[in-house]
Amino acid sequence: MFVFTTKKSIEVYLNSQKESQKSIGFVPTMGALHQGHLSLVKEAQLKNDVVIVSIFVNPTQFNNQKDLENYPITLEEDTAMLKAINCTALFIPTVSEMYETTLTASSFYFDGLENVMEGEFRSGHFNGVGTIIKRFFEMLMPTRAYFGEKDFQQVAIVKKLVEKLSMPIEIVCCPVFREHDGLAMSSRNRLLSKDQRAAAPFIHEVLQHTKQRFKTQNISEINCWIESQFKTHSHLKLEYFCIANPLNLQEITSKKASKNHRAFIAVFAGEIRLIDTLAF
Ligand code: AMP
């Protein structure tokens, strides 16, 4: 596996690949890799001649300094995991390589997709995401880029970004990869205490119950039920729950308002923030 740390070196490599008409699959990550990340890489390997994974903990998408400081970094294990599945190349740029002199995010308008849910509770988050993904895309110009449905709003934002910038990059959304007990895999899971980890599958459980309840209950009843589930929970604190139209991410308050529905949830286990989503 090739490992690149500079923009220049990866550009030279990619130019040679593109000259020989190779398709490029790109999987951006923040590292601390798990099987969810690898599922994206494996999906990319099915359709592309070359697969590039980036590991970059992007400072401008963190609204919480402590979250950034505590973000797990496991470069050696990550490299071994990618080698083991024959990933073609790993790109690990430094902050100055990606941001040069000014560590700031640009402002984006994603037609309102950026104002709800993660955008509402993590101020500036999607400006950071937009800035770094735009930079990676301009640098690498992949044929396809792979993202996880766990961050469904992020996928919608990235699709909007390439549409607005007319970038000829196919955005592929891959299913949520879960632990055996249903917990969505996340790099932050490794920061959970034993008790928090034992409690965390409850997040997926309540989403599954929501799906059942949706058949017979109205949305305000479901919202009340969810709140009651977390009110007295000893390890998990609800930040938000909503049922939204997956096309525009607007919360729906009546079943008739949309044909498609998706539940979104963000929960704190102590200081660790976990998100999940389920379509129904
Ligand atoms: P991150 O390193 O958390 O920024 O994630 C990098 C990519 O992997 C993003 O597109 C995520 O949505 C995706 N991803 C993270 N966790 C999972 C998971 N459990 N299943 C599938 N994709 C995931």
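**Cores, sheet and salt bridges**

The largest nonpolar core has 45 residues, and those touching the most other members are I52, I133, F136, F137, F147, I171 and L249. Helix α7, residues 125–140, gives the most to this core, with eight residues. Apart from it lies another core of 25 residues, including F214, I219, I252 and L274.

Before going on, the background. This is a predicted model, where local features need pLDDT of at least 70 and side-chain atom pairs count only at pLDDT 80 or more, while totals for chains, interfaces and linings use all residues. Residues are numbered from 1 along each chain as its sequence is written, and side-chain values use heavy atoms, with hydrogens and water left out.

Now the terms used so far. A nonpolar core is a set of buried Ala, Val, Leu, Ile, Met, Phe, Trp, Tyr and Cys residues joined through side-chain atoms within 4.5 Å. Buried means under 20% relative accessible area, exposed over 50%, and partly exposed in between, with a 1.4 Å probe and protein chains only. Helices (H or I, at least four residues) and strands (E, at least two) are DSSP runs, numbered from the N terminus.

Take one residue as an example. I10 is in helix α1, residues 7–19. Is I10 buried or exposed? I10 counts as buried, because its relative accessibility is 0%. Setting aside neighbours within four places in sequence, I10 is in contact (heavy atoms within 4.5 Å) with F4, I52, F91 and L140. I52 was on the core list, and its own contacts, again without residues up to four places away, include Y13, L14, I24 and A89. The C-alpha atoms of I10 and L90 are 9.4 Å apart, although 80 residues separate the two along the chain.

Next, the sheet. Six strands form an open sheet in the order β1-β4-β3-β2-β5-β6, with parallel pairing; two strands pair if DSSP finds at least two bridges between them. From one strand to the next, the twist averages 25°. β5, residues 144–148, pairs with β6 over five bridges, and Y146 stands opposite V172 in β6. Helix α1 packs on this sheet, touching β1, β2, β3 and β4, and its direction makes about 165° with that of β3. For such angles, axes are lines fitted to C-alpha atoms, for helices over the stretch in contact, and angles run from 0 to 180 degrees between N-to-C directions.

Last, charges. A salt bridge is a side-chain nitrogen of Lys or Arg within 4 Å of a carboxyl oxygen of Asp or Glu. By this rule there are 13 salt bridges. In one of them, the side chains of D276 and R178 meet at 2.9 Å, N to O. D276 lies in strand β9 and R178 in the loop between β6 and α9, so the pair ties together parts 98 residues apart in sequence. D276 is buried at 4%, and R178 is partly exposed at 21%.

Another salt bridge joins D111 and K160, with the closest N and O atoms 3.1 Å apart.
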